[in-house]
Structures are given as structure tokens and as C-alpha cells.
Amino acid sequence: MMPPNSESANSFDSGTLNHPQTRENLVEETVRLHRALCESNLATEIGLTILDCLGLYSIQFRDSMQDSSVLPKVARVYLRFLQLGQSESLSKHVFAALRAFINNFSHALFKGNAILCGQLVYELLKCCDSRLSSLRQEACAVLYLLMRSNFEFSGRKGLTRVHLQVIISVSQMIGNVIGLNNARFQESLSIINSYATSDKAMKGSGFPMEVKDLTRRVRTVLMATAQMQAHHMDPERLLELQHSLANSYASTPELRHTWLVTMARNHEQNGNISEA
């Protein structure tokens with residue numbers, strides 16, 4: 001009988017888990033995961049504390065905030081939460097805080113210039129394209145509330161401001177080639193439509209049709225996405241498509257301006273300064 005090979009015996013004795021280097025790696029990985037978990041929990045707690053402070057401040061000084069410069073600053077803190085991206089658990093509280101803000105301070109969004117409303121719509125639409133279904137549903141609910149509040153604020157005459165800002169934001173997202181996921185975004189539009197049709201308080205008004213018309217227009221804009229993505233490697237063809245879309249909004253200066261700015265930026269990136 002042949003004696004056992006010393007090399008095979010050594011390899012048998014030195015299993016993976018017994019290797020000192022591997023054990024060290026496992027310990028380091030465990031420590032790293034624990035640290036990441038602690039930082040994640042700390043970030044969530046800090047976010048919740050900020051939301052609590054803003055909520056309490058808004059309740060305590062609601063009357064004095066109505067026409068003060070503090071109101072837009074509070075809104076921008078909420079916007080910052082959306083822009084930076086948060087954990088799923090914290091995001092739910094952010095959306096709840098946004099709903100409270102819209103209900104209590106709608107005039108900040110629908111009076112004066114539309115910058116704040118436009119920024120909020122843009123961030124909500126980005127969330128409507130999120131990979132997380134829970135985030136998409138929350139964003140759809142807040143966006144629907146924004147539409148509803150605009151309709152009520154106008155004396156149930158329409159949701160002109162939100163309508164325009166939604167189309168502008170979608171156009172900006174497409175123009176910037178953010179890469180909307182058509183299926184996810186279409187699903188979000190369907191959710192918003194279902195909210196409008198099932199809202200008993202809005203039945204008998206023109207609101208459901210307003211929402212339906214808005215989502216239809218958004219889908220029309222989205223049709224340009226496939227063509228633009230197909231020609232994103234062909235700058236001249238891409239600019240032709242953008243110019244055609246800009247011309248289609250001749251009756252809406254804000255939308256036409258959005259696409260012209262996008263075209264100018266693309267010309268500048270391609271080195272066509274005179275065209276820009």
C-alpha cells in the first residue's frame with residue numbers, strides 16, 4: 001500500500017476556514033458590515049430627528065410661516081431628502097412630511113413663481129421611476145395629492161401649474177438622457193390614474209379627466225424617448241429629434257424653451273459653439 005502523499009495530506013488539513021488569512025478576512029468583513037449597519041441606522045435616526053423638528057416647527061409657527069421667507073427654506077429641506085436619496089424606511093417618513101406640507105402650505109407651491117413646484121415635481125417624477133415599488137407608490141401618492149391640491153387651490157378650475165411642470169420635468173429628464181425605465185414609469189402613471197378615478201370626493205368634477213389628459217400627454221412625450229435613445233450615438237439625428245419636439249411645443253413657450261436649452265447644451269458638449 002502506498003504511503004499517503006504529504007502534499008495531499010497538508011492540503012486536506014488546511015481547510016478554507018482554518019486558513020488564518022481567510023479568518024481575518026471574515027472578521028474584517030463582519031466588522032465592515034456592522035459599521036455600515038450602524039452608520040445606516042444613525043443616518044436614519046438623524047433624518048427622523050430633522051423631520052420631527054421641521055414638523056414641530058411648522059405646527060408651532062404655522063400662522064407666522066404663511067407669508068414668510070422660512071416656508072420655501074423648509075420645503076427645500078424636504079427636497080434635499082429626495083435629491084440625496086434615503087433608506088426605504090426614512091423615505092416613507094419623508095413622503096409623509098411632504099404630504100403634510102402640501103396640505104398645510106399649498107399656497108407656497110401654487111402662488112408666485114413656479115420654481116419650487118417645478119423642483120418638487122421633478123424629484124417626485126424621478127422617484128416614480130425608482131426600482132423600489134414602495135418608493136414609486138409613495139411618490140405617486142404625493143404627486144397625486146399635489147395635482148389634487150392644485151385643482152382645489154384654483155377653485156376646481158384646473159391643475160395648470162402642476163400639468164405644465166410635469167411635462168417640463170419629463171422633457172428635462174428625457175433631454176438629459178437620464179434613462180427612464182418605460183415600464184416602471186408607465187406603471188406609475190397608471191397608479192396616478194387609478195387614484196383619480198377612485199377618488200370619490202373628485203367624482204362629478206373635471207379632475208379625473210384633467211389627470212387622464214395629463215398622463216396621456218406624458219405618454220406622448222415618452223414616445224420620443226425610444227427614438228432618442230436609439231440615436232444617442234448620432235448627435236446630429238438626436239438634435240433633429242429634439243428640434244422637432246421643440247417645434248411641437250410652439251404654443252407652450254416654457255416647454256419649447258426647455259428643449260431649446262437641452263439642444264444648446266448638447267451643441268456645446270459636441271463643440272458646436274456657434275450652433276449653441
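Tutor: Before we look at this predicted model, recall that helix axes are lines fitted to C-alpha atoms over the stretch in contact, and that angles run from 0 to 180 degrees between N-to-C directions. With that in hand, helix α5 (residues 88–104) and helix α8 (residues 133–153) pack at an angle of about 5°, their axes being 10 Å apart.

Student: Why is α5 called roughly parallel to α8?

Tutor: Angles under 35 degrees count as roughly parallel, and the angle here is about 5°, so α5 and α8 are described as roughly parallel. The contact between them involves residues of α5 including Phe95, Leu98 and Ile102, and residues of α8 including Leu135, Val142 and Leu145.

Student: What makes Arg32 and Glu29 a salt bridge?

Tutor: The limit is 4 Å between a side-chain nitrogen of Lys or Arg and a carboxyl oxygen of Asp or Glu, and the closest N and O atoms of Arg32 and Glu29 are 2.3 Å apart, so the pair qualifies under that definition. Because the two residues are three apart in helix α2, Arg32 and Glu29 are separated by about one helical turn.

Student: How do you know that Arg32 and Glu29 are partly exposed?

Tutor: Partly exposed covers the range between the buried limit, under 20% relative accessible area, and the exposed limit, over 50%. Arg32 has a value of 45% and Glu29 a value of 34%, so each of them counts as partly exposed.

Student: What makes Asp129 and Arg184 a salt bridge, and which parts does the pair tie together?

Tutor: Their N to O distance is 3.9 Å, which is within the 4 Å limit, and therefore the pair is counted as a salt bridge. Asp129 lies in the loop between α7 and α8, whereas Arg184 lies in helix α10 (residues 182–198), so the pair ties together parts that are 55 residues apart in sequence. Both Asp129 and Arg184 are buried.

Student: Why is Glu123 called buried, and which residues is it in contact with?

Tutor: Glu123, found in helix α7 (residues 115–127), has a relative accessibility of 7%, which is under 20%, so Glu123 counts as buried. Leaving aside neighbours within four places in sequence, Glu123 is in contact with Leu79, Leu82 and Gln83. The C-alpha atoms of Glu123 and Leu79 are separated by 7.4 Å, although these residues are 44 apart along the chain.

Student: How do you know that His163 is buried?

Tutor: The relative accessible area of His163, a residue of helix α9 (residues 160–175), is 15%, and because this is under 20%, His163 is classed as buried. Beyond residues up to four places away in sequence, His163 touches Asp213, Leu214 and Arg217. Asp213 and Arg217 also belong, with Arg216, to a network of salt bridges.

Definitions and conventions: Residues are numbered from 1 along each chain as its sequence is written. This is a predicted model: local features need pLDDT of at least 70, side-chain atom pairs count only at pLDDT 80 or more; totals for chains, interfaces and linings use all residues. Side-chain values use heavy atoms; hydrogens and water are left out. Helices (H or I, at least four residues) and strands (E, at least two) are DSSP runs, numbered from the N terminus. Angles under 35 degrees count as roughly parallel, over 145 as roughly antiparallel, 65 to 115 as roughly perpendicular and the rest as oblique. Contact means heavy atoms within 4.5 Å. Buried means under 20% relative accessible area, exposed over 50%, partly exposed in between (1.4 Å probe, protein chains only).
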